[in-house]
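Here is a short briefing on selected backbone and packing features. Look at the structure first, then read the points below.

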Amino acid sequence: MASQDNYPVVGIGASAGGLEALEGLFRAMPADTGMTFALVTHLARGHVSSLVEILSRFTAMAVKTAADGVTLEPNELYVCPPDHIMTMVDGKLRLQLRADEAQRKPIDVFLSSLAEARGPASIGILLSGGGSDGTLGIKAIKERGGLTLAQGGDGSGPLQTGMPDTAIAAGVVDLVLPVEEMASRLADYARNFGKIEALLKDDHRNEQNVEEKRNGYQSIYRILHNQVGHDFSGYKENSFQRRVRHRMQVLQVASLSQYVARLREDPDEVTMLFRDLLIGVTNFFRDPNAFEILEKTIIPGIFEGKGASDTVRIWVPGCATGEEVYSIAILVREHLDTLRVTPKVQIFATDIDDHALVVARTGRYPEPLLEYVSKPRLQRFFTGDDVSYAINKNIRDMCIFSAHSVIKDPPFSRIDLISCRNLLIYFGTEFQARVIPVFHFALRPRGYLFLGTAENVNQFSDLFSPIDKKQRIFQRRDHVTSPMHLPAFTPATRDVPSGADMRRAPGAMASNLRHAVESRVLERFAPAHVVINREGDILHYSAHTGKYLEPAPGLPNRQLVAMARRGVRLDLRNALREATQSRRPVKRERIAVEIDDRVQQVDIIVEPLGDNPRDPLFLVIFQDVGPLVPADLPPHDDNIRNHSGQHFEQELRDTRERLQATVEEYESAVEELKSSNEELQSMNEELQSTNEELETSKEELQSVNEELQTVNSELNVKVDEVDRANSDLRNVFESTQIATIFLDHNMVIRSFTPAVTGIFNLISSDRGRPLTDIANHLADMGDLKRDIQSVLENGHPIDRRVHRRDGTEHYLMRILPYRGRNNIIDGILVTFVNVTKIVEAEVQQRTLVEELNHRVRNMLTVVGAIANQTLAKSGSPDRFAEAFLGRLHAMGKSYALVSQENWGGVSLSEILMSQLQNHAEEREGRVQIGGPPISFAPPEALALGLVFHELATNAVKYGALARSKGRVAVTWGIQKNRLIITWLERDGAKVGKPGRKGFGTELIERELKSALGAKVSFDYAPEGIEVQITIPPEAKYIASVGRDGK
Amino acid sequence: MTDELRRCILVVEDEPLLAMDVEMVLANAGFRVVGPAGTCARALDLVRDEPPDLTILDLNLGTELAFPVFDRLDEAGIPFIILSAHSREIVPARYRDRPFLQKPYRIPTLLRMIDKTLQDARVPSRCQAS
């Protein structure tokens, strides 16, 4: 039991509601107490618990999942994982995998193994939980000198009280506290642990110390004896001192003399010490000697003479956790196996309340508590593994457990054996005085009473005779009436001269003689008499009562009236009633008693006797009148004074007959009622048995309920996390504009983002329907089903370009695998990204490109045409080059001008300037331009550019600009809605009207006509040419009010 | 061209320079040119008033497309050649197998196409005496 470091190990058991309790306990617990903590809980089977994680938040100590073979370290908390049974061996934890470990009472198993391993250095704590797991484990710890605590009291009491309450009811808890206080008590305990041990160890070197100790213990024996009436000086010294040390540890009292002082002033502490001393008495087969006698003598005794229709009834009051009951049941079972004819057996096990019975009813015990059960018995009567055992059904069914108080409730009856080994010691002598007579009543004649070694029935040696005084086995004495109504016997009514009488000293001899004489006289001359009590039970017979009384058929009965012979009964009954009511002597004369075929006349006198008002006695005297005469003889003359009275007498006789018959009927009715009563009693017992079964069911349900509560607790923590994750997810869904549909592997819709409703007609009730069911507006989907299958299989995404059937929207559809746990594909995501804009841009781009191509080709064609035309009119390559390049250049300038204005409007002045620029610079002031601001759109501007180029070229070649003095003036204005542009050349070379229209002229005409619908006129005056361009109002130009005014 | 009769060809083109160029080419090749017409309306008038043997027309006439002229020519049984800077796809399906020349084109190619078209049509000249 000793380990290298003797620090305490704390075993904690918790179940439903335990999470809150553990939080309270560990938040308050310092992280450096030097103790190791181990926790066992009831967890649902197969459930992965986050208990370690949750507990880590409450304490700075390291919290670990217990593993098989791990060595315990101080200041650490080990948590037993689900599906495992945990025990402690040599300072290491052992774990075994068990699928239904909750049935095995894992808390009991662990705590009792801890008790075995660590003894006084073990601490057991039971926290909130339903059911009764843990009580036996706590008991084991207490037996071996450890400290035991249960959660209770004000403040944070347990949410589920079953577990702590059962342990408290079994009397095995040292301290009942709220969890916050537990922490500080444990810290103190740990700190002082070892100091007190050392203090109390026998120190032989110090004589004074030894003497002090001895005195101390003597004082304790005395105090105990005074209060509880029991002498412990014969108790095993080691055990006694260990118990005292334990109480000192619990109270944190450092010296023996301090503890003695405490005992003197606190009777409750005396009781606690007393209980501690008695613990361990009721384990399985704990007293081998006593059980041997039970087995060999008593049990065979109670079965003797019982047939198949008989029942053997055994009663175990104060059965507590049930070890004693099952031990007896096992012995009974073993005995039954040796019999050919087996009677029925009922074993009634009672205790003061239901809490105490919970453990007993369950019938499951951890291995250390079965120490004294022999191996063959263990194998035969228990089912289990090496950590815990349950009593077999055939034994369990023999026992009926119920709540019962020996003091307050009516006792059982017709019991063959009462085993009461753990009860009387808790009562004072006064209660014992009340209880022993109850046992006497309950037992059948010659029934057995088996008491605990600390108990005795000295005061009641008249009720019980000892069979084995040392082992406390007694047998019921039968010759006394049940003294329940007669707490005190008066010596005068005793049959047997009591020893007390004999011991009355001087004068004994003289009184003996007188007594002998009086007896003789009484016997010979006194009339027959009996003494009865108020109920009519005969307490004393004189001699010769046979004439008047005979035993009634059926069960032996002490009732006087029942035993009275015919003829006497009626009058006797009347006389008795009168006498008991009036408390005065009553006489009835000349009653005829029939004795076989003869008649005896009797006077009956009933007189009060004794002076005990609470229990009056009566003397009934039968005085013969006259001799016995034959019945058929005519009545004696003395009886009949005159003949006229004869018929009255006849009538009277008849009346008596009838009355007799009535009385007999009435008596038989009473008999029937008695037997109904018996039946009702037995029904009651059956109901009690049913009640037992219901209790068991209830416990099973409780245990399931507990598991559910534990799971629920943990799930609540998880639910918050899941809620938060769901919230995040929902927000992401709603914020995303990408339509996403989640499918499972059967193409059934699981969920979808809001954006999907624009593409598919999905509503929330469509979840759970296959995707292909649902109408959609999309074309070009391809074989959706096959695509999805492919993605499910190989996980490679598939892209498709799809668009609405009405062509308005385009989407990029992606089919992606949905990877779940372990990255396994178990569904599909289908996303739609709106790419309409992209598609439109592409289309636009294609259009633009096409347009560009078209324009370029057109341009090239135009250039080609210019080349062609110029070539046709040019005489030489040089001329061609000049003209051609000039025209191209002009076009280039036009285009430059237009694009400068970003293809917006171009003003007329600018067009003119761009074509005349060169010439204006070379010949200053020779070009003049003027007119209101007019703008043209690009096509028209380009055409005008060409026109002015031709005019300018001609002016250079043939006209005003050919000579240095020539001038060109271009003016324009609006007249009558028509825009007139005038090109005037003067002082240039002489020009004449050309014979043929030149290319330039032709071009000018056509361009103006085509672009503006304008007309042009050429006036070839000798001074210079005048060209007038008339642009109609419907032509496209803008006349804006600009800087030039007008 | 060995035919005694001069064929007349209607030119439908809105760009003056290009019209002038085609005219010159055709005239040099010995054809008589009808038009040119720069708009659908003008072209339809000329078809009615001076039905040509052949029409050369651009798809795009400024802001309008020449399809009404195509239809009218088709009705009238007058063969035509489509000139365009666009690609052939823009031509309506029913005319897509008609002779098509993309600008810029080579003059010999145009002349060859004109000859072939006229031969295929085998329609006697309907030109009015010029």
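Which residue is the bridge partner of A:P817 in β30(A)? The partner is A:I828. The model is predicted. The points below cover a sheet, a helix pair and some backbone details.

**Sheet in chain A**
- Six strands form an open sheet in the order β26-β25-β30-β29-β28-β27 of chain A, and their pairing is antiparallel.
- β26 (749–752) and β27 (778–779) of chain A are the edge strands. Each has a single partner strand, so one side of each lacks a neighbour in the sheet.
- Strands β29 (residues 810–819) and β30 (residues 825–834) of chain A pair in the antiparallel sense, over nine bridges.
- Helix α23 (residues 784–794) of chain A packs on this sheet. The strands touched by α23 are β25 (739–744), β28 (798–804), β29 and β30 of chain A. The direction of α23 makes about 35° with that of β29(A).

**Helix pair in chain A**
- Helix α12 (residues 288–303) and helix α13 (residues 323–336) of chain A pack at an angle of about 60°. Their axes are 10 Å apart.
- The crossing of α12(A) past α13(A) is right-handed.
- From α12(A), the contact residues are A:F291, A:L294, A:E295, A:I299, A:P300 and A:F303. From α13(A), they are A:S327, A:I328, A:L331, A:V332, A:E334, A:H335 and A:L336.
- The residues of this contact divide into nine nonpolar, two polar and two charged.

**Cis peptide bonds in chain B**
- B:G35 and B:P36 are joined by a cis peptide bond, with omega about 10°. B:P36 is found in strand β2 (residues 32–37) of chain B.
- B:K103 and B:P104 are also joined by a cis peptide bond, with omega about -10°. B:P104 is found in the loop between β7 (100–102) and α4 (107–121) of chain B.

**Positive phi in chain A**
- A:R590 is not a glycine, yet has a positive phi of about 50°. A:R590 is in strand β22 (residues 586–595) of chain A. Its relative accessible area is 44%, so A:R590 is partly exposed.
- A:K976, also a residue other than glycine, has a positive phi near 50°. A:K976 lies in the loop between β34 (967–975) and β35 (978–986) of chain A. A:K976 counts as exposed because its relative accessibility is 75%, and the cut-off is over 50%.

Terms used. Residues numbered from 1 in each chain as written. Chains lettered and ligands numbered in written order. Predicted model: local features only at pLDDT ≥ 70, side-chain atom pairs only at ≥ 80, totals over all residues. Heavy atoms only, no water. Axes fitted to C-alpha atoms, helices over the stretch in contact; angles between N-to-C directions. Helix = DSSP H or I, 4+ residues; strand = E, 2+ residues; numbered from the N terminus. Left-handed = near helix turned anticlockwise from the far one by under 90°. Contact = heavy atoms within 4.5 Å. Nonpolar A, V, L, I, M, F, W, Y, C, P; charged D, E, K, R; others polar. Pairing = 2+ DSSP bridges. Buried < 20%, exposed > 50% of the residue type's maximum accessible area, 1.4 Å probe, protein only.
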